[in-house]
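The following note sets out points for a colleague who wishes to examine the model residue by residue. Please read it beside the sequence and the coordinates.

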Amino acid sequence: MTVIVQPTGVTPADVIAVARHDARVEIAAETVAAMEASRAIVDRIEASGKPVYGVSTGFGALANTRIEPSRRAELQHALIRSHAAGVGAPMAREVVRAMMLLRLRSLALGRSGVRPVLAQGLADLLNHDITPWVPEHGSLGASGDLAPLAHCAIVLLGEGWVIGKDGARHSAAEALHAAGLKPLELAAKEGLALINGTDGMLGMLLLAIDDAAHLFTMADVTAALAIEAMLGSERPFLPELHEIRPHPGQTASAANILKLLQNSPIMDSHRDDLAHAVQDAYSMRCAPQVAGAARDTLDFVRQVAARELVSVVDNPVVLPDGRVESTGNFHGAPLGFAADFLAIAAAEVGAIAERRVDRLLDVTRNRDLPPFLSPDAGVNSGLMIAQYTAAGIVAENRRLAAPASVDSLPTSGMQEDHVSMGWAATKKLRTVLDNLTSLLAVELLSAVRGLQLRAPLTPSPAGTAAVAALAPTAGTPGPDLFLAPVMEESRRVVADRALRNEIEQSTGPLR
C-alpha cells in the first residue's frame with residue numbers, strides 16, 4: 001500500500017494506513033512544486049530584511065528579538081533542541097507515525113515556506129520504519145504540539161532518540177546511519193514549520209475515531225447478546241419506535257440490536273409472552289438511546305477532524321500573494337473540545353454495558369440463570385470478580401471523562417496565555433477507548449456464559465458466533481477457571497474485526 005501526499009493533503013484512511021499498516025509514503029510532483037513556490041516567497045522576504053516572526057525574530061515571548069541573517073539557521077536548530085523537552089514514557093508507535101505523516105501533510109499544503117527536502121525527510125523516516133522517541137508529556141496544545149513534534153524533528157537533524165525494535169531508546173544518529181540517511185541542515189523558518197501545529201492531537205483523534213466506530217458497533221453486539229441471554233424483549237428496538245425520535249445514531253443502534261436478535265430459538269421461547277417482560281430495565285431497553293447518542297457524538301468529531309485535516313495550522317503562514325502572516329490556527333481548541341466530548345460518550349457506552357453485566361450475574365434479576373453464571377455457585381464464584389474489574393474501569397473512565405480542555409495554564413511569559421490542552425484530551429480519549437474495549441469484553445464473556453446456560457435452547461447466529469469465538473479459551477460453564485487469560489482473549493475478540501465479520505455473514509452489514 002502506498003499513500004501519495006498531494007498538495008491538498010491526505011485522508012483519514014491514509015493516516016490509518018501509514019500509522020497502523022505501515023503504508024509507504026510518496027510525495028506528488030505537484031506537492032513539491034507547491035512547496036518550492038512557497039519557499040521562494042520566504043527567501044525573498046528574508047533577503048529584504050523585513051522582520052517576520054520565526055524567520056528573522058525569536059519565538060514566543062522573544063518575538064520582538066531580531067535575529068541577524070548569519071544566525072538564522074542556528075536559530076532553527078536551537079529551536080528544535082530547546083523544544084524537544086518532553087518527559088515520560090514514549091508515545092505509541094502508531095501515534096508517532098500518524099503525527100509525522102500529518103506534519104508532512106501540513107508542509108505539503110504549501111503555506112509553510114519550507115524546502116521539499118523537509119517533507120522528504122519525514123517520508124524517509126516513515127518508509128525506513130524509524131520512529132522517534134516522543135515522550136507523553138510536553139504539549140499544551142497551544143502552538144500545537146510543540147514538544148512532541150520537536151522530538152520528531154530532532155531526529156531529522158541526526159540528534160535525539162528513536163524507539164528500537166526492542167522497545168528501548170536508541171541514538172537517532174545511529175538509526176539514520178543504518179538506514180543510509182543523512183541529517184538535515186535547516187534554513188530560515190524551517191525549524192518552526194516542523195513543530196508548529198496540531199498534528200499530534202489530530203493523529204490521536206483520527207486513530208480514536210477509527211477505534212470508536214468499531215467499538216460502538218461492538219457495543220450493539222454485546223448489548224444484543226446480553227439481552228438475548230437475559231430473555232429480554234426485542235420490541236423496544238422496533239423501527240417505528242425510533243422513527244418518532246429521529247436521532248440518526250439511535251436509529252442505527254436500534255436497527256443493529258433488532259437484527260442481531262433475529263433467528264434465535266432463545267428469543268422465540270418467550271417472544272409472544274407479553275407478560276414475561278412488560279418493560280425491561282433501562283440498561284437493556286435504552287441501549288440504543290445511549291449508544292446512539294455516542295454515535296452522533298462520533299459524527300460530530302468526524303466533522304471536526306475532517307476540517308482540521310484540510311487546515312493550514314502552521315505559524316506564520318505564507319500566503320500566495322507573498323505575505324507572511326502570523327495566525328492562531330495552531331490552537332487546538334476544536335480538537336480538545338471534540339476529544340473531551342467523545343470521551344464522555346465512550347465512557348457512558350462502557351457504563352451501561354457494566355450495568356447489563358451486573359444484571360446478568362444477579363440471580364434476582366437475570367431470569368433464572370445461576371448466581372454469577374456459575375452452575376455450582378458457592379464453591380465457585382463464576383464471573384463475580386469480572387464484574388468488579390468492570391466496575392473499577394467504569395470508575396476510572398468517569399475520572400477520565402472530566403474535560404481537559406477547560407484546564408488552561410499560561411506559558412511563555414504570558415505570550416501564550418490560553419492553551420487548549422488538546423494533547424491531553426486526545427491522549428486520555430485513547431485510554432477511555434481502551435477501557436471501553438475491556439468493558440465490552442466483560443459483557444461479551446458474560447453474555448456468552450448466559451447463552452451457554454440457556455441450553456438446550458440455542459442462540460441467534462450472532463450468539464452462536466460469539467460462543468464459538470470464546471469457547472476455545474472460556475470452555476463451557478463449570479468449575480472456576482483462571483479468568484485473566486479468558487478476559488484477555490475476550491478483549492482480543494472485541495478489538496479484532498473477525499467476530500464482527502463472522503456475524504455480518506449471517507445478519508448482513510451492521511451500522
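**Notes on selected residues and helix contacts**

1. Asp368 counts as exposed because its relative accessibility is 75%; buried means under 20% relative accessible area, exposed over 50%, and partly exposed in between, with a 1.4 Å probe and protein chains only. Asp368 is located in the loop between H15 and H16. Its phi is near 75 degrees, a positive value in a residue other than glycine.

2. On the basis of the note: this is a predicted model, in which local features need pLDDT of at least 70 and side-chain atom pairs count only at pLDDT 80 or more, while totals for chains, interfaces and linings use all residues. Residues are numbered from 1 along each chain as its sequence is written, and side-chain values use heavy atoms, with hydrogens and water left out. Helices (H or I, at least four residues) and strands (E, at least two) are DSSP runs, numbered from the N terminus.

3. Lys189 also has a phi near 75 degrees, again positive in a residue other than glycine. Lys189 belongs to the loop between helix H7 (172–179) and helix H8 (190–195). With 0% relative accessibility, Lys189 counts as buried. Most residues other than glycine have a negative phi, and most peptide bonds are trans.

4. One joins Asn315 and Pro316, with omega about -10 degrees; Pro316 lies in the loop between helix H14 (287–309) and strand S8 (317–318). Another joins Ala455 and Pro456, with omega about 15 degrees, and Pro456 is in the loop between H17 and H18.

5. Thr327 is in the loop between strand S9 (324–325) and helix H15 (333–361) and, at 17% relative accessibility, counts as buried. A polar atom of its side chain lies 3.0 Å from the backbone nitrogen of Asn329.

6. Ser420 is in the loop between helix H16 (384–400) and helix H17 (422–452). Its relative accessibility is 2%, so Ser420 counts as buried. The side chain of Ser420 reaches the backbone nitrogen of Gly422 at 3.0 Å. Neighbours within four places in sequence aside, its contacts include Leu140, Met201, His331 and Ser405.

7. How do H17 and H18 pack, and at what angle? Helix H17 and helix H18 (residues 461–474) pack at about 100 degrees, with their axes 9 Å apart; axes are lines fitted to C-alpha atoms, for helices over the stretch in contact, and angles run from 0 to 180 degrees between N-to-C directions. H17 is therefore roughly perpendicular to H18 (angles under 35 degrees count as roughly parallel, over 145 as roughly antiparallel, 65 to 115 as roughly perpendicular and the rest as oblique). Among the residues making this contact are Leu444, Val448 and Arg449 of H17 and Ala466 and Leu470 of H18.

8. Arg271 lies in the loop between helix H12 (265–268) and helix H13 (282–285). At 24% relative accessibility, Arg271 counts as partly exposed. Its side chain is joined to that of Glu234 by a polar contact of 2.4 Å; such a contact is a pair of N or O atoms within 3.5 Å, and within protein one must be able to donate a hydrogen and the other to accept it, with residues adjacent in sequence counting only if both atoms are side-chain atoms.

Definitions and conventions:
Contact = heavy atoms within 4.5 Å.
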